[in-house]
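The following paragraphs lead the reader through one protein structure.

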Amino acid sequence: MKALTVSQPWASLIVSGEKFVENRTRVTHYRGTILIHAGKGRQYLDREALKGYTTGAIIGRADLIDCIRLTDLQQRPRGERLLMDRDRPTVGEILNHRYTDGPVLWILANARKLATPIPCNGNLGLWNYEPDETATCEICGEQFLRCDCVDCPNCGASGVDLGPTGSCEECEGRV
């Protein structure tokens with residue numbers, strides 16, 4: 001699965017849904033779900049402030065729905081919607097978003113935080129995350145170490161951690 005390393009506090013803002021624009025220097029043609037990896041870098045926060053954030057781990061996921069240069073977006077009508085989808089932000093909403101900076105905008109949607117962060121090393125650009133051990137989510141069918149979309153049939157826990165054995169950590173029942 002594709003992953004993107006993002007510095008804190010931006011990674012946490014993305015998975016919370018507050019930040020739906022990721023500013024990059026390069027265009028990507030990839031579209032689809034990406035894992036959000038919180039990097040260990042201290043470019044934006046000092047050591048003390050960084051202690052309040054998870055770092056060095058995958059903390060969530062989001063759908064990368066579009067990628068556009070800021071200069072190109074500024075030429076489009078402000079009321080136009082990306083991908084002609086009424087559920088997508090308008091050009092004006094993207095341009096007015098407090099985190100829009102450019103030069104290239106990666107537009108994200110459907111961001112969600114993982115129930116349990118997955119410690120791992122990050123990388124530059126889009127990279128492939130391949131877990132050592134996997135479980136299969138019975139709801140979405142994804143193979144993943146942890147799945148935040150499962151409701152445990154034994155206890156009803158939402159967003160349970162399947163772990164590599166496929167067991168719900170809330171009730172230890174088999175999912």
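How do the residues of the lining of the largest pocket divide into nonpolar, polar and charged? They divide into four nonpolar, three polar and five charged, where Ala, Val, Leu, Ile, Met, Phe, Trp, Tyr, Cys and Pro count as nonpolar, Asp, Glu, Lys and Arg as charged, and the others, Gly among them, as polar. The model is predicted, so that local features need pLDDT of at least 70 and side-chain atom pairs count only at pLDDT 80 or more, while totals for chains, interfaces and linings use all residues. Residues are numbered from 1 along each chain as its sequence is written, and side-chain values use heavy atoms, with hydrogens and water left out.

The largest pocket holds about 260 Å³ of space. A pocket here is an open set of points on a 1 Å grid over the protein atoms alone, where a 1.4 Å probe fits, with protein on both sides within 12 Å along at least five of seven lines; lining residues have an atom within 4 Å of a point. Grid points are joined across faces, edges and corners, and the volume is the space filled by probe spheres set on the points. Among the lining residues are Trp10, Glu22, Tyr44, Arg98 and Tyr99. Strand E2 (residues 21-24) gives the most to this lining, with three residues; helices (H or I, at least four residues) and strands (E, at least two) are DSSP runs, numbered from the N terminus. The second largest pocket has a volume of about 180 Å³, and its lining includes Arg24, Trp106 and Leu126.

Aromatic rings come next. Two aromatic pairs are found in the whole structure. Rings of Phe, Tyr and Trp (its six-membered ring) pair if their centres lie within 6.5 Å, and planes under 30 degrees apart count as stacked, over 60 as edge-to-face and the rest as tilted. The rings of tryptophan 10 and tyrosine 44 have centres 5.7 Å apart and planes at 70°, so this pair is edge-to-face. Tryptophan 10 lies in helix H1 and tyrosine 44 in the loop between E3 and H2, 34 residues apart. The rings of tryptophan 10 and tyrosine 99 are also edge-to-face, because their planes stand at 65°, with centres 5.7 Å apart. Tyrosine 99 lies in the loop between H4 and E5, so its pair with tryptophan 10 ties together parts that are 89 residues apart in sequence. Tryptophan 10 is partly exposed, at 25% relative accessible area, whereas tyrosine 99 is buried, at 11%; buried means under 20%, exposed over 50% and partly exposed in between (1.4 Å probe, protein chains only).

The interior can be described through its cores. A nonpolar core is a set of buried Ala, Val, Leu, Ile, Met, Phe, Trp, Tyr and Cys residues joined through side-chain atoms within 4.5 Å. Of the 15 residues in the largest such core, Val6, Ala11, Ile34, Ile36, Trp106 and Leu108 touch the most other members. Strand E4 (57-69) is among the elements that each supply at least two residues, and E4 gives the largest share, four residues. A second, separate core of eleven residues includes Val21, Leu70, Leu82 and Ile107.

Most residues other than glycine have a negative phi, and most peptide bonds are trans. Cis peptide bonds join glutamine 8 to proline 9 and glycine 102 to proline 103, each with omega about 10°. Asparagine 110, in strand E5, has a positive phi of about 55°.
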